[in-house]
Protein chains: 2
Amino acid sequence: MSAVLPELAALRERATILADLSGIHSLMFWDQNTMMPPAGAVARGDQSGTLEAVTHERLTDPQLGRLLDALEPWAAEQDPDGDDACLIRELRRDFEKAVRVPTSLAAEASRAAALGQAAWQQARAAADFSRFRDALALQLELRHRYVACFEGYEHPYDVLLDDFEPGMTTGKLRRLLGELADGLAPLVAGVATDEPPSESGPFGGPYEVEDQRRAVMDILEGVGFDPDGWRLDVAPHPFAQQIGTGDVRITTRYDLHDFAGAYFGSLHEFGHGLYAAGIPARLARSPLGTPVSLGVHESQSRLWENLVGRSRPFCAWALPRLAARLPGVLAGTTVDDLYRGINAVHRSLIRVEADETTYNLHIVLRFELELALMEGTLPVDDLPHAWNEGVHRLLGIDVPDDAHGVLQDVHWGAGLVGYFPTYTLGNLMAAQLWETLRADLPEIDAQLERGDFEPLRTWLREHVHVHGRKLSPPELLDRVTGQELAVAPFLRYLREKLVDAGVLASA
Amino acid sequence: MSAVLPELAALRERATILADLSGIHSLMFWDQNTMMPPAGAVARGDQSGTLEAVTHERLTDPQLGRLLDALEPWAAEQDPDGDDACLIRELRRDFEKAVRVPTSLAAEASRAAALGQAAWQQARAAADFSRFRDALALQLELRHRYVACFEGYEHPYDVLLDDFEPGMTTGKLRRLLGELADGLAPLVAGVATDEPPSESGPFGGPYEVEDQRRAVMDILEGVGFDPDGWRLDVAPHPFAQQIGTGDVRITTRYDLHDFAGAYFGSLHEFGHGLYAAGIPARLARSPLGTPVSLGVHESQSRLWENLVGRSRPFCAWALPRLAARLPGVLAGTTVDDLYRGINAVHRSLIRVEADETTYNLHIVLRFELELALMEGTLPVDDLPHAWNEGVHRLLGIDVPDDAHGVLQDVHWGAGLVGYFPTYTLGNLMAAQLWETLRADLPEIDAQLERGDFEPLRTWLREHVHVHGRKLSPPELLDRVTGQELAVAPFLRYLREKLVDAGVLASA
């Protein structure tokens, strides 16, 4: 086809506008969480609401539906991997999701998210679940009303999963997480200590914020952070955002008493940023120009944080750089000390502070509870008890109060149900990608140790990032690894590292 | 009327969306000039263009025109000062301006602005007007095509002025600026020196950037900068922006060798910010919630920069604070030294470095040339010669090259014709407001000297800021001062100060 169909040109134009509006929203989010003066919050909320409404109006425009109707027969005859065929498919997906949910329900959910987060904050501060109970019950009711807008699903939770991880189902997830819990139990039983995770570790401070920031920047610039197209700022809840091509912004936070948070957090957000930055510019101004799912997104952040950042060769490269900026404890630390220290396993209460080994058990718990809440087998009032019982069963420890238990995460207050599992999916995918990557890059350990990150970045870009949203997560995994999503690679990787680091006695 | 007319409710809703989109655009502009990594520029340009197009589509929606048609008969019976009557009037103004200009011309102008600025940069770097000549000729042609979209004007330049200063005409401006030039000539002849303005002054450095920043913040927090709702950042071309209620952002730049730029620049932008911040919150999400014109906006910035910042009582308040942060030269400076030094008069080539006395002569020159270019009496090729001749006539100095002459300002490259005069209009209005203010606040000098800025801020808010865009500039001036815009108050103020500071011998 030499000339572009007029309908296709019109569709591309609409896709461009939607992508630009989404980039603007990213900027507003970044600014709100890094730069905005506190008194600007109400106006910013209004402006965000307006931009969402303007975007929603364009996404649900019946003319967009007619363009898709007109183009789908043409797309069916094209290469399904072609940009235009993918664009039509993904815009159809976005359009259908948007038109099925009544504006009134979307508005109600948006209000409930704001109120739910406020109720959660108060409840957590008071360590009192009863103050959060009604907000959570409302969120569950709204999730059911949301599910009811769709049809053809096997399990209501499938609909929620699909918003975060296209192609994932409740059945698959139940099998994967069951197998993972079974595999982790003996590992944790064998090596976990009851000490709290941080401060005692090799990165215990105190270290000045400015020294930490310089240390983080040295590491980030070493792995591929380019100041011409990236920023690093401080945010209370760190995140990464791509505002547009050439504009990637990551955030971190500094704890005077423990450098580990800023260090691994920055590597984590770098992984997210690199994914966004690696999507080809030709896809940037379209819905294809974004990471395909939260799970795949998380696979990239966890890969840099854990599979790279907690590896022995990376420790060898990073330690002298870190010690130069942060003398104190690190000046007397060996690579072995560091490697063992950052891979130690602790039974702990708080998900975001958990180590790589126990982390996924926190997710297993949340998935079990979400499913029981959505299925109606767990009444909301019984949730704290079920939480505490699950922590005891999975981690072998007791929960002292709700703030260190069921109230520790904001997600449910914000109406995010089906989101937690993507953290673990990311861990599983990262380990699977890592096996393939190691086979493709036999020199990877030596490259990491000498600080040559170009081959790794190139591999990730050419195998994962390059597709943007063109391939679904299962397709992506299949093309790169030839496998379905599986638990074994993650368990293999973890066991090998724990043995190598001297944390686990070799079997 | 107890219930709101449905058309009015619909109009208010549309106004809310337009105002929110405008606030978002302000955020994008601020970010682009302060935070954005350089490689993000192209994507940001695309996103700005998209937001402009989305806004333009809403502003030119025929349904908005129908709502205005339906509401105007109702508005004619209401108090013309009422919020709704003003909203209808100002939205009609915005709507008419938007629908009369074809989208293709607006797009062409936008492209020409980008190219014109690039051509200007190259020409200025080479001090060679010939490289800018074609871009300027195109801008003038586009301005003529823009003017042709309107009707009922006396002079084509009126149409351009109206975009920046509603109610101003070429005829009025010619009289005002002629009178001003006549009044300034003897003053400048009597006192101006040929030394260059900066570095030799009382703020000559070197001072570290961080010390300058702290000194600026001490002064700003003293006059009313509230960190809860304001930010100060660095920008190469300083500006002020209100993103939304409770979110005012000002910028400055630091010159190691002269603190004057950061100091007076910050006071200037503070004045702009205070105006925006002083507009009532109930007007915020509507076109009424913005400063009414560039001239009035500039009156507020110049008032803080010059009438306050260059006054003797303010020098007395500020000097010990500045000397504490910036010992060096300032530790040995007296209030009299400072007051005289910052009011010295220099014949100089560069507008943005000019002192308060000669500044307006730079504007007179630009106005004369803009008018001649638009009237066709001055061919573009003769502009550099006319510029140099004008500088000699008005300021008595010779222009060494085009970079220090006709190429010093970006405005014409960006297509801004009719903009320069608003700087002088701001100076004139500031002096007129100041006379009324001093009569209303007889203790103002003592208040400034002891750092009590609340009465001044309150007066400005209650007399100027409170109106937002509800009153046109001439109406505003009339209500506050009982006068039309005039030159005499500015000349009186200037002469008195120059005498008081010992720069001019008393007549």
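This is a predicted model: local features need pLDDT of at least 70, side-chain atom pairs count only at pLDDT 80 or more; totals for chains, interfaces and linings use all residues.
Side-chain values use heavy atoms, with hydrogens and water left out; residues are numbered from 1 along each chain as its sequence is written, and chains are lettered from A and ligands numbered from 1 in the order in which they are written.

Thr60(A) sits in the loop between H2 and helix H3 (62–75) of chain A (helices, H or I, of at least four residues and strands, E, of at least two are DSSP runs, numbered from the N terminus). Leaving aside residues up to four places away in sequence, Thr60(A) touches Phe95(A), Ala98(A) and Val99(A), contact meaning heavy atoms within 4.5 Å.

Helix H2 of chain A covers residues 41–59, and its 19 residues should span 27 Å at 1.5 Å a residue; the end C-alpha atoms are 26 Å apart, which agrees. The expected span is 1.5 Å times one less than the number of residues. Among the buried residues of H2(A) are Ala43(A), Gln47(A), Leu51(A), Val54(A) and Thr55(A) (buried is under 20% relative accessible area, exposed over 50%, partly exposed in between, with a 1.4 Å probe and protein chains only). An α-helix has 3.6 residues a turn, so residues three or four places apart point the same way.

Over in chain B, strands S2 (240–244) and S3 (247–252) run antiparallel and are joined by four bridges; two strands pair if DSSP finds at least two bridges between them. Ala240(B) stands opposite Ile250(B) in S3(B). The hairpin has two residues between the strands, and Gly246(B) takes a positive phi near 80°.

Pro206(A) lies in the loop between helix H8 (170–191) and helix H9 (209–223) of chain A. Ala127(A) has a positive phi of about 50° despite not being a glycine, and is partly exposed at 30% relative accessible area.
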